[in-house]
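I opened the notebook to record what I looked up, entry by entry, in the order in which I checked it.

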Amino acid sequence: MPALSMLVHAIPPVPDVRDTTRREFFALLAAAGLVTAGCGAETGAAPQRSTRTVAGGAGPVEVPVRPQRVVTLGEALTGHLASVGLLPVGAQEGMAAWLDAYRSLLPPEADVESIVPVGVAETPNLELIAQLDPELILIERDAMAFHEKLSRIAPTVVIDRPSNADWRTAFDQAVEAADRADEAAVVRDRYHQAVARVPEAARQTTVTFLRGRGADGFRIDGTGAFAGDVAAEAGFAVDNGGAGGRPSEHGYVAYSLEQLSAVTGDVIVVPTRPGVSGTEGLEDSPLWPGLPAVRSGRVLRLPNAVYNGGTYVAAQLLVQALSEGVLSPSSG
């Protein structure tokens, strides 16, 4: 074996981890002869794990069979994997609080606090992701600018979700990439059972899904949005925005604050998310007390992870909340 000092001088400078990965680093060592089957290894190289090919939004990707260490960049992606019992080792900021809304449907041993925050989809922390040594990375289109760099760290699958109503397809793609078909079947079945249990009396109501838009007014989320799509499948009549105009690509119709009287649903469902998407400004309007649902005490407040979760667990919780909430007045 060559002298170690000579080999060290032969190694080219190691680039910053933001421009390379642990895999590339070890490749540099191997090229210099520091990592070989006969140098420091008694039993030879470890056997390669089995892989399979999955279709991704950016083309087919070779991924490990039954990966255990997965990083996700996307709220729904994190929820998809958690629902089938696979907690990501790393995910974007705020996922522990997001998953807390699903606590009743997650495996009891799920430790959501163990998930390492790795930035957000638009600005992921590549160095930290590399340190987590993932076997698989799942991203949505928001993180496409980093697809190439993430792919150097681990096989990276793009999960396509053209609109919020395509959440089932996104779930199918995510669990396929994670090789969790059996677990996914249980999650789907549990949701369909919840749909089948919706009382017939509850289905005789019209539901308006309402979100604030800050100074720009509010929006009504119709059947082209996640919540409206789920409610329609469960048999509820969904307010699609009436005369407010053509729904956006994500299924909502925008209104100004002065048009609040257009909210005519028997039940109003709002997210408990503070800030622009919240309803604080709407509830301060003199028009708010006159809305039919407000007068009858049927305002249902749900965590944003349920209202706009984009997952089967969110859908199940939404259906259960609607089944109970539309038949009993709320304190809102």
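Entry 1, ground rules. I am working with a predicted model, in which local features need pLDDT of at least 70 and side-chain atom pairs count only at pLDDT 80 or more, while totals for chains, interfaces and linings use all residues. I number residues from 1 along each chain as its sequence is written, and side-chain values use heavy atoms, with hydrogens and water left out.

I looked up pLDDT, the predictor's confidence in each residue from 0 to 100, and found a chain mean of 84, with 80% of the residues reaching 70 or more. Over residues 1-44 pLDDT stays under 50, and there the model has 38 contacts beyond four places in sequence, a contact being heavy atoms within 4.5 Å. Where pLDDT is low, the predicted coordinates should not be read in detail.

I noted 13 helices and 15 strands, taken as DSSP runs numbered from the N terminus (helices H or I, at least four residues; strands E, at least two). Of the 332 residues, 46% count as buried, that is, under 20% relative accessible area with a 1.4 Å probe, protein chains only.

I checked how strand 14 (residues 267-271) is covered: 5 of its 5 residues are buried, so it is largely enclosed by the rest of the structure. Val267, Val269 and Pro271 lie on one side, Ile268 and Val270 on the other. Strands pair if DSSP finds at least two bridges between them; strand 10 (residues 206-212) runs parallel to strand 14 and is joined to it by 3 bridges, with phenylalanine 209 opposite valine 269. Strand 15 (residues 299-302) is also parallel to strand 14, through 4 bridges, and proline 271 stands opposite leucine 302.

I found 8 of the 9 residues of helix 3 (residues 75-83) buried, among them His80 and Leu81. Glycine 85, which follows helix 3, has a positive phi, near 85°.

Entry 6, rings. My search of the whole structure gave 7 aromatic pairs, where rings of Phe, Tyr and Trp (its six-membered ring) pair if their centres lie within 6.5 Å, planes under 30 degrees apart counting as stacked, over 60 as edge-to-face and the rest as tilted. The rings of tryptophan 167 and tyrosine 312 have centres 4.8 Å apart and planes at 70°, so this pair is edge-to-face. Tryptophan 167 and tyrosine 312 are both buried.

Conventions: Buried < 20%, exposed > 50% of the residue type's maximum accessible area, 1.4 Å probe, protein only.
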